[in-house]
Amino acid sequence: MWTIRHEQQTDAPAIERLVDLGFGPGRFAKTAYRLREGVAADQRLSFVAEGEKRALLGSVRFWPVRIGQSLCLLLGPLAVEPKLRGRGIGIGLMQHGIEEGKALAYEAIVLVGDEPYYAKVGFTRLPPERVRFPGPVDPNRVLGLGLKPNALVSLAGEVTRAQIDAPVSAQTTRLG
Ligand SMILES: CC(C)(COP(=O)(O)OP(=O)(O)OC[C@H]1O[C@@H](n2cnc3c(N)ncnc32)[C@H](O)[C@@H]1OP(=O)(O)O)[C@@H](O)C(=O)NCCC(=O)NCCS
């Protein structure tokens, strides 16, 4: 049994541990991290999965970015406790974030990752060179998901950092 709730400040050390287990110290050199430097994740879309005795089992965050003129989100990091992978926690966290994101002003979500996995929640590969990251990325791993009708059709341009002025919303929970 696990639940999804909003991330809280006190979750930070446990999330850092999970992300470190999932991606290792080399993650800071990745292009996606350039887009997170000096920018906060949108707290309204930062969720954790919690198990028994309040154990933190997974985390997902979304970062505001601009793609051309469009306000979008960069998904990640998404990390799940190694011993509890394959139980739907990663997909559950993403689906929750995607649904909540649809109610906000964002046009689309992009990420750099494994298409077979992210296709399970609706991501598709973007046409090469349409969306350009500020550093090297494998074009086969550049994926997108529209939050508004036809948002992916016109999505094009450089991915750049975006600041938003978002309030921290109240905690919500749901059964996973
Ligand atoms: C990737 C990760 C978040 C998946 O979390 P999870 O809770 O185990 O995933 P879920 O249980 O929701 O989904 C499991 C399904 O996805 C599949 N899957 C998991 N990782 C996959 C991958 N990289 N590529 C393709 N399929 C993958 C599993 O085979 C399983 O498929 P099935 O349901 O058909 O059996 C987790 O393995 C993790 O934290 N990895 C380290 C960090 C990482 O790699 N993050 C993503 C970067 S691309």
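**Aromatic contacts and chain layout**

Reader: Which residue lies over the face of Tyr-33, and at what distance from the ring centre?

Author: Arg-36 lies over the face of Tyr-33, 4.7 Å from the ring centre. A charge counts as sitting over a ring if NZ of Lys or CZ of Arg is within 6 Å of the ring centre and within 35 degrees of the ring normal.

Reader: What kind of model is this?

Author: It is a predicted model, in which local features need pLDDT of at least 70 and side-chain atom pairs pLDDT 80 or more, whereas totals for chains, interfaces and linings use all residues. Residues are numbered from 1 along each chain as its sequence is written, and side-chain values use heavy atoms, without hydrogens and water.

Reader: How many aromatic pairs are there?

Author: The count comes to three aromatic pairs. Rings of Phe, Tyr and Trp (its six-membered ring) pair if their centres lie within 6.5 Å; planes under 30 degrees apart are stacked, over 60 edge-to-face, and the rest tilted.

Reader: What is the geometry between Phe-28 and Tyr-33?

Author: Phe-28 and Tyr-33 form an edge-to-face pair, with 5.4 Å from centre to centre and 70° between the planes.

Reader: Is Phe-28 buried, partly exposed or exposed? And Tyr-33, buried or exposed?

Author: Phe-28 is partly exposed, at a relative accessible area of 44%. Tyr-33 is buried, at 14%. Buried means under 20%, exposed over 50%, and partly exposed in between (1.4 Å probe, protein chains only).

Reader: Why is the pair of Tyr-118 and Phe-123 edge-to-face?

Author: The planes of the Tyr-118 and Phe-123 rings stand at 80°, so the pair is edge-to-face; the ring centres are 6.0 Å apart. Both Tyr-118 and Phe-123 are buried.

Reader: Which residues form one aromatic cluster?

Author: Tyr-118 and Phe-123 form one aromatic cluster together with Tyr-117.

Reader: Changing topic: how many helices and strands has the chain?

Author: The chain has four helices and 10 strands. These are DSSP runs numbered from the N terminus: helices are H or I, at least four residues, and strands are E, at least two.

Reader: What pattern does the chain follow along the sequence?

Author: The pattern is β-α-α-β-β-β-α-β-α-β-β-β-β-β.

Reader: What does the C-alpha trace span? And what percentage of the chain do buried residues make up?

Author: Along the principal axes of the chain, the C-alpha trace spans about 45 × 30 × 30 Å. Buried residues make up 46% of the 176 residues.
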